[in-house]
Amino acid sequence: MSFRHTLAGRLMADPMAVVALIIITALVAIAVFADVISPHDHTAMNLADRFAPPSSTYWLGTDNLGRDTFSRLAQGSRIALYVALTAVTISGLIGLVLGMIAGFGPRWLDNLLLFIFDTLRAYPTIILALALAALMPRGLSTVIIVVVITSFAEYGRVVRTQTLSLKNAEFILAERAMGASFGRIVFHHVLPNVLGPFFILAAMNLPVVITIEAGMSFLGIGVPPGTPSWGATLKDGFDYIRNTPWIIIAGGLPLILVTLGFTFLGEALRDQLDPKLRKSR
Amino acid sequence: MLQYAFQRVLLALAIVFVAISALFTIMITLPGDPTTVLLGPRATPELRAAFRANMGLDDPVLVQIANFWGRVLTGDLGMDYNRNRPVAEAVFSALPHTMALVFGAIFWSASLGILLGAFSADNRNSWLDRVTGVISVGFIAAPSFVVALYSLLLFSVTLRWFPTIGAGEPGDILSRLYHLALPSFAIGLAWVGYVARIVRASMLETLGENYIRTARAFGLPRRTVIYGYALRLAILPAVQVLGVGIGGMLSSAVFAEIVFSRPGLGSLIYDSVSGRNYPVVMGSMLVAIGFFVTCALIADLVNAALDPRHRVKS
Amino acid sequence: MTDTLNVDGLTVHYATREGALQALRDVALDVPPGQIVGIVGESGCGKSTLINALLQLMPENARIASGAIRLEGEDLIGARARRLRDLRGRDIAVVFQDPMTSLNPVLTIGRQMHDIQYREKRSTAEKRRMAAEMLGRVGLPDPAAKLDAYPHELSGGQRQRVAIAMAVLMRPRLLIADEPTTALDATLEVQIIELLKELQQEIGCAILFISHHLGVIAELCDRVVVMYAGEAVEEGPVADVFQRPGHPYTAKLIECDPGRMKTRVAQLPSIPGDLPDLTDPPAGCIFRDRCDRAAERCRTRPDRVALRGAHWALCHFAAEVSA
């Protein structure tokens with residue numbers, strides 16, 4: 001019986017994980033089939049139907065330009081997923097490499113990297129995003145750069161701690177005593193054991209990244225104007241909050257659901273992968 | 001303890017120094033004419049030349065960084081050319097509003113979170129505990145700016161229980177608190193969940209300790225044991241998390257200030273960014289990072305002070 | 001005269017994934033007023049479960065299946081929570097094994113000793129004075145200053161003295177000492193034993209002294225109960241039990257006690273074999289699988305065999321073993 005099989009089995013027994021997987025599957029499905037399921041062209045403006053309430057034609061109503069909110073949110077899921085996956089992959093890889101270097105490297109290098117991690121943590125994400133946005137062109141790559149800068153340190157810390165505790169674990173000392181190569185220790189012993197906490201962190205980090213993208217787009221420093229990011233939809237809703245509450249309500253829902261889904265998944269993963277925490281629950 | 005405190009303070013200073021210097025370096029080495037950036041495209045060539053010489057923009061990068069810190073240490077954060085006032089003035093009139101917001105959020109999250117967490121641990125594995133657990137995760141997951149928007153929509157626009165705009169009448173504490181309640185709650189809600197979970201977990205751990213068994217073996221009342229003995233230790237990790245969490249709250253404060261049209265560091269930076277007002281951006285960053293690092297440092301030291309075991313360990 | 005403590009037929013089960021773990025089976029013991037009764041046994045014999053049951057502070061998965069626990073005739077198992085709390089600390093007090101962890105690390109000694117006097121209508125100053133007096137009595141130097149110390153600022157021996165001072169502060173009728181010297185070195189051990197003896201004389205309380213150290217039991221106790229795998233297998237006056245043990249397990253324990261070794265050995269002897277599985281204890285004698293004398297009749301449960309005086313053992317061959 002493989003590890004993955006048992007993990008999946010145990011996850012399916014956890015109602016929180018099932019809810020999480022349903023939400024995440026729905027998100028991915030909507031992102032993939034956004035063009036098919038959208039009842040309208042998300043860029044089409046029907047000025048006659050501005051601020052329309054939800055109806056059979058416009059499921060979640062329309063915005064100030066008469067664009068269909070549902071279609072825009074469906075398109076927005078693509079942006080959210082794209083930014084989240086790209087940013088988490090990049091910052092995760094950087095963190096993984098730096099964390100292992102810190103864990104295995106000489107003392108001074110470890111201290112230096114720790115100091116860099118600490119320093120990066122001192123930047124409040126959105127405030128740094130604002131500062132960098134003043135210097136960089138508006139666009140998804142700026143969003144991704146901001147996220148990577150503010151989040152790879154967290155991965156680095158986790159990987160470093162894990163590496164350090166493994167480096168001196170008895171089974172690894174035994175391997176080294178038997179003359180195992182450095183590569184073998186890293187790839188056969190340390191890496192597999194680091195990946196558990198790493199993936200939990202990544203799952204927990206995805207909704208954070210989605211929120212940062214939406215937040216930056218809400219502030220007008222994320223996606224270019226006209227792009228149907230969830231944050232941009234919320235911004236439209238905020239500008240016309242006294243005209244129609246629908247845009248804000250509809251625009252916030254996918255964000256709440258998705259963050260809830262990924263957070264539940266991270267929780268469930270942690271419960272399954274971290275026996276110490278499992279006991280204390 | 002003193003040595004520990006000294007080390008932490010040095011580290012905090014180093015972090016602020018490096019974090020700000022890095023940002024400053026990025027700003028001054030970015031391609032493009034900084035005079036255009038700082039003075040706007042319509043400045044005359046004479047003005048540019050004077051400014052360039054005055055600011056030492058032709059000096060090597062390291063000299064500029066040194067000069068920058070030299071000015072900062074004398075309290076000079078530069079000039080806000082858009083509105084013709086010192087940056088320090090703009091930043092320090094905004095800071096108290098943001099501090100009030102962040103401390104309001106800490107008040108919400110600490111009071112509600114500790115209550116929920118202690119209650120959960122006290123009634124562990126009851127259905128109330130489970131419901132509290134799911135609610136906590138739900139709170140954690142709710143993005144603060146969506147919470148801000150929803151609460152603005154529900155409580156201010158629709159129900160009209162709370163004001164929609166501003167920070168209240170200057171000098172009128174009640175009006176200030178009234179304006180503060182909703183935005184700080186929106187920021188604090190996510191942390192209610194965090195604090196509740198941490199307090200619950202550490203409380204359960206503490207309740208399993210031998211000295212708790214001792215207290216119970218001496219017949220101390222249940223309330224004394226749980227809320228007097230166990231909780232005292234269980235809130236220590238929450239203090240630390242809230243200290244570090246102030247970074248996240250500062251980010252949330254940007255949204256809360258914009259959504260509720262409040263003055264503060266967040267809206268100051270936001271306005272400066274749209275106006276390309278770099279000196280103000282730089283000054284606000286410096287103060288925001290300094291504030292955050294100071295709070296995290298204080299939380300760290302308070303934690304060490306509250307936990308007497310720490311005093312010998314360090 | 002009623003015994004200070006009287007345990008009768010006490011059977012305790014833990015609900016586990018493998019089924020009910022029978023941690024205590026039909027345990028009986030009496031502690032007469034003013035006497036010191038020792039309980040001796042290896043780890044896993046049920047000593048901790050017994051203490052938890054006496055205090056009625058059991059883990060959630062524990063259940064008292066049958067039996068009675070009486071403090072001066074008063075039934076504790078059926079007692080209300082409120083009454084039990086009144087008894088704890090005032091009538092029954094405990095000194096726990098590990099002084100490193102049994103004191104609250106974030107409260108001063110004074111605060112902790114103040115708090116346990118919560119029932120007394122005394123002023124705080126008076127409570128502190130009482131606490132300091134008791135700290136002095138248990139032999140702590142500069143007791144008044146110790147009130148403001150945190151546990152980690154004291155040595156292990158000092159902490160255990162504090163724990164003892166806390167336990168006797170309310171002049172309990174029964175003092176339970178759960179291996180109070182195990183975490184200490186030999187010199188300190190002797191001092192603590194002497195201290196307990198003196199305090200017992202002064203206060204006149206009964207002491208239930210739990211230890212796996214035969215020498216300490218012999219030194220301190222009037223009577224001793226030998227426990228094995230959740231059963232009391234032998235009981236009697238200390239001198240009788242240790243000189244003429246009636247149960248093969250007791251005999252083995254004495255053989256293996258390092259304090260009794262006459263000759264140098266390369267390796268400490270130990271009793272071969274493991275504790276039986278308590279989720280499914282063997283029928284008949286519980287010690288059968290590890291016993292040299294095991295015979296066919298050991299497949300039936302032995303009764304208590306009375307030996308000289310108030311001494312009995314739970315073994316078919318008690319008379320021969322003792323001879």
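In chain B, the C-alpha centres of domain 1 and domain 2 lie 32 Å apart. This is a predicted model: local features need pLDDT of at least 70 and side-chain atom pairs count only at pLDDT 80 or more, while totals for chains, interfaces and linings use all residues. Residues are numbered from 1 along each chain as its sequence is written, and chains are lettered from A and ligands numbered from 1 in the order in which they are written.

| Chain | Domain 1 | Domain 2 | C-alpha centres apart |
|---|---|---|---|
| Chain B | 2–88 | 92–313 | 32 Å |
| Chain C | 5–91 + 172–272 + 281–322 | 92–171 | 28 Å |

Now for the contacts in chain B. There, 22 residues of domain 1 are in contact with 18 residues of domain 2 (C-beta atoms, placed from the backbone, within 7 Å). On the domain 1 side, α1 (2–29), α2 (34–39), β1 (79–80) and α5 (87–122) of chain B each supply at least two residues. Helices here are DSSP runs of H or I with at least four residues, strands are runs of E with at least two, and both are numbered from the N terminus. The largest share of that side, 12 residues, comes from α1(B). By class, the side has 18 nonpolar, two polar and two charged residues (Ala, Val, Leu, Ile, Met, Phe, Trp, Tyr, Cys and Pro count as nonpolar, Asp, Glu, Lys and Arg as charged, and the others, Gly among them, as polar).

On to chain C, where 24 residues of domain 1 are in contact with 21 residues of domain 2. The elements giving two or more residues to the domain 1 side are α1 (47–55), β7 (174–178) and α7 (186–203) of chain C. That side divides into 17 nonpolar, two polar and five charged residues.

Terms used: Domain bounds come from an automatic or database domain assignment. Two residues are in contact if their C-beta atoms, placed from the backbone, lie within 7 Å.
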